[in-house]
Amino acid sequence: MSGLLLLLVFACRGPVGEPRQALVGDRVVAVTLADGEPARPRASLLVDGRTWSDEPVDLAWAWVADEDALWSLDPAASDATGPVPTLPDPPEGAGRIGLVATFPSGHEARALLAVTGSPAAPQVRRVTHARVPGQPLEDAEDDDLALEVRAARPTEPAEVVAPSSWTRLQARVQGAPDGTRIRWMATAGTFLELDATTADWASADLVLDDLETESSEPLPPGPVTFVALANDRQGHGAVHAFDLFVGEEPAGARIGGRWLPADASPMAPTWAYARLEADDEAPLGLRLVDVQQVSDPAATAPEVPCEGVSGPFDPLWLLQGACPREALDGVRVLARISP
Amino acid sequence: MIAWLLAAAWAGQVELVVRQHGDAAPLPRAEVVVQGTPVALDARGRATLELPDGVEATVVLTSLDHQGQTLTFTPPLDQPLVVFLRPLSEPGEIVVEAFRPTAEVTRHHVDAEMAYETPGTFDDAVRLVQALPGVNVQREYSPSSGDVSVRGSLAGDSRFYLDGIEVPYLYHFNQYASVFPASQLDSLDLYPSGYGARYGDATGAIVEAVSKTDRPDDITGSAGINLVTVGGDLRAPLPKGWWVSAAFRRSFHDIVTQGTDQFPTWPRFYDFSARAEHVGERTTVGIFTAGSGDTYGRVLGELDVLDPYEQEGVPTLDFGRDWQLLGVRVRWGRGRFVTAFLHDLVAADVSEGGLYRKRSMSLPTRLDADGTALSWLDWAVGGELRPEVTLVELEDAGRYGPLVVREAAPLAWQVAATDATLPRVRFHGYGELQAKAGPARFFPGVRVGMDSVGWSPTIEPRLAVRVRVAEQTELRLGGGRYQQRPETEQLLADPDLPTTDAWSAVLGIDQTIAGRVEIVADGYVKASRDVVWQPVSGRPVVAAHGLAYGAELTVRYRLRDTFFLWAWFAYGRALLHDGSDDGDWFSSDADQPFSGGVVASWNVLPALQLALRYRAATGNTFTDVVGSLYDASDDTWVPRFGNPNGARLPDYHKIDLRVAYTFAFRRWSLQLAADVWIVPPPATALYPTWSYDYGVTDYVQGPIVLPLLGLRATF
């Protein structure tokens, strides 16, 4: 009871702590498994509310039989360590991968992933966004924000996300079995989900009571980072991180959905060489300098000083902790710049 | 006030009827003097007066408990002369509960007056049990508010009897009201521990509710409504020594509310009882029926904290429980026999799949008899037989199972899905002696039992001693062995669960001051083996050892119908140990070191009652979450629980105030009552709740102030 009965309706239960959609603090956002064998798990990490970190997160991986085994797992006695591990074959009776993540703050988080051997994981190909004109935000009342009412509202393309407005986010998921749904997370704003892969996001901090607006605080202009986690509840997951800009977007470029400030916005889509430079104000902690567009799609990607990664620059390197930001500061990379 | 009706001729005879003002109850014991000559009233408070027509007559009516009246009138009268005498408000009878010579060395007694006049009980005698010494103070409307934990016993360790028949559960939804129609109860006794061989298969307390057994002289009844329930009762005499009674009560919010998103089927409950009895010269034979039902549908999640789309995916639990019994009771001078067919159904359906149905049919039968062997020796024998068959239908609820632990524990225990029939027969017999030796009385007894599940015999020797050391002082010592078999539902999870075996002792003293004020002090200890208890998750487990000890001090003072007060303070501990060499004692669910309170009621005027109840206690234990892990397989967080019962809710304080005014008319009365509860924060905390990742703990808060209104008409 769970608290439940009769006059318990007089009881008051409000939200406790931060909502799970809020990207705050240190957190293991997802654990996914790359296709094929041996097992190559990857963790998506939020460090102090950011999708990057200057210091590495210590990751210890091991095959475990159950939750109790994970609780008693000593990181020093793990099967593999680091952000890009390859695990040995599992011992008899151990069908789950356990992770102990120790963040730079000292916070320790433990996570578990069942390895089912079922078909491949869903992939989040892209996320589209559109404006939802006519959807009340600051003065929503009655059933303005009810599920069926929102579903019936049309959307229209929008280049700019205005403060205090609704944006509809829709994830294109490939290879997803029935039951796959997107868990939306963001560094700011308020979500109201619409269906398994679609959500309305308010560029404002809303306090709703029974879907009626109690208070609304518009977000200041600037970037907001989103994470869309696809999970099929059968042990498969996929992560897609992207940024939207509230207000007019300054000069910059998008790489794999992430927005990096730049001295000038390059034409897109294109391939380009660029140097990464630390920028605490940027959503990925990095900005692009010395951008040089290249016409040859077979251009060679420079090596990066991070273990286990290679090829064109991928923002997942930071989200998954494969590259601390410090390691990429000043590094020249090849990147595919998307519209 | 008097009333008489005058009209045409009555042929020299005047029919006199004497009744009590307010409820029209007959007053057969009123004294009547007509023209200086005493006249006797019959059992219905009636007499026929032979008076000459046209001559003024004087009738003087007196009664020990009522205001007297003198009437002057001139016959003939065309209708009976009906006289209503007002009850005296004071001085009332001084009521002393101490010094009762029974084997139950500690006994707390509640009667209708105390139930109706104590604030916060909603006219429910059974609710008052939780304001008695030694009973854990529970937070109103918390999940455990209906738990009766007495002297360190767990909530499931006690037995509840209605006229000798054990009822399946005590409170609707384990919260609001008892399943006994309060208006039909005459009294209720709580035996906290150390009771005699008469009661058993319990390591906790015994609650024995007794219905009104006196044959009514006239039709009486009441109808009442408060903010939650509406109900009524009726008692009526029938010819040839028969009488009948019936009562019914139902909650009505579901009719008004029609459900909410959180409770698609709004909680509703009902209870009823009815009986017909024949009062003979030597025996009273009666048939009776009783029952109750609880129903609701709730969403298995807190919608307030879920996204609208998530809300659509949360399953609903449809829960219902009801029981009915039909039985026969025979009472004679020094004994009783009672048997009843009892049907008990629990049904829990989870919309996403998962089902639990338990239908139990039993024939609880009880015989008690006593007699006198010698001038100094009395005896008592009896037994209980309970043949029972339980039909279980179980369908796995998967990950939703742990969310229905209170309604359908086997789903939470993840017992293998099955359809099963579980026959079971339990038998207990007892014998007890009462020997008088000077100022001392000895009550040796023994109780033997057998359970067909596991063929587990129990042998429980008991002993009580009472010594009247002075006119106003009595020492009490009692205890023995108390054994309890697991519940049938628990045996579903593990058929090999053992018998809980406890040795218990009570030492007490009763002291009266000037024959008015009672002071009662008790100390108790109970050492148990194989205590079956329910951890916060998973199946029932067995603690190798249990230990409960404590002391209680109670002060009582009562003038019947005028004033009563009791105050108590209790200290006690209830601990468990897993039996391992490196294990520590830990608090059980019932560990509440300090509790106390005051109950006072004063009829300031005959029609005006003021009352107060204050209760305070150490906060109940709970098992806190000390961490969580993220299960990326299905994007959920799994809590990691800390030491069992290693945390406590804030200390609890609650004040209940009551004002009631009774409008007394000749044949009926109407009482308006207003109760107000006040719970100062942080005592408003009801139960813990956690953030989505169990990283933050908070409490669900109950109201600080809550007014309740009630209306009751009695005739």
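Into which domains is chain B divided?

1. Domains of chain B. Chain B is divided into domain 1 (2-85), domain 2 (108-210) and domain 3 (211-714), with bounds that come from an automatic or database domain assignment. Between domain 1 of chain B and domain 3 of chain B, the C-alpha centres lie 49 Å apart. Their contact takes 13 residues from domain 1 of chain B and nine residues from domain 3 of chain B, where contact means heavy atoms within 4.5 Å.

2. Basis of the values. This is a predicted model, in which local features need pLDDT of at least 70 and side-chain atom pairs count only at pLDDT 80 or more, whereas totals for chains, interfaces and linings use all residues. Residues are numbered from 1 along each chain as its sequence is written, chains are lettered from A and ligands numbered from 1 in the order in which they are written, and side-chain values use heavy atoms, with hydrogens and water left out.

3. Secondary structure. Chain B contains five helices and 42 strands, and chain A contains four helices and 20 strands. These are DSSP runs numbered from the N terminus, with helices being H or I of at least four residues and strands being E of at least two.

4. Overall dimensions. The radius of gyration of chain A is 21 Å, close to the 20 Å that the globule rule gives for 339 residues, so chain A is as compact as a globular protein of that length. Along the principal axes, the C-alpha trace of chain B spans about 100 × 65 × 45 Å, and the C-alpha atoms of chain A fill a box of roughly 55 × 55 × 35 Å.

5. Burial and surface. Buried residues (under 20% relative accessible area; exposed is over 50%, partly exposed in between; 1.4 Å probe, protein chains only) make up 55% of the 715 residues in chain B and 52% of the 339 residues of chain A. The accessible surface (Shrake-Rupley method, 1.4 Å probe; for residues, only the protein chains shown count as cover) is about 28,600 Å² for chain B, with 60% supplied by carbon and sulfur atoms. For chain A the surface comes to about 14,800 Å², of which 47% belongs to carbon and sulfur atoms.

6. Charges. Chain A has 25 positive and 51 negative side chains, and the centres of the two sets lie 5 Å apart. In chain B, the mean positions of the 62 positive and 88 negative charges are 7 Å apart. Lys and Arg count as positive and Asp and Glu as negative, while His and the chain ends are not counted.

7. Asp656(B). This residue is in strand S38 (residues 652-664) of chain B. With 3% relative accessibility, Asp656(B) counts as buried. Leaving aside neighbours within four places in sequence, Asp656(B) is in contact with residues including Pro119(B), Gly120(B), Arg613(B) and Trp677(B).

8. Thr257(B). Helix H2 (residues 253-257) of chain B includes Thr257(B). A relative accessible area of 30% makes Thr257(B) partly exposed. The C-alpha atoms of Thr257(B) and Pro267(B) are separated by 9.9 Å, with the two residues 10 apart along the chain.

Note on methods:
Charge placed at Lys NZ, Arg CZ, Asp CG, Glu CD. Rg over C-alpha atoms; globule rule 2.2 N^0.38 Å.
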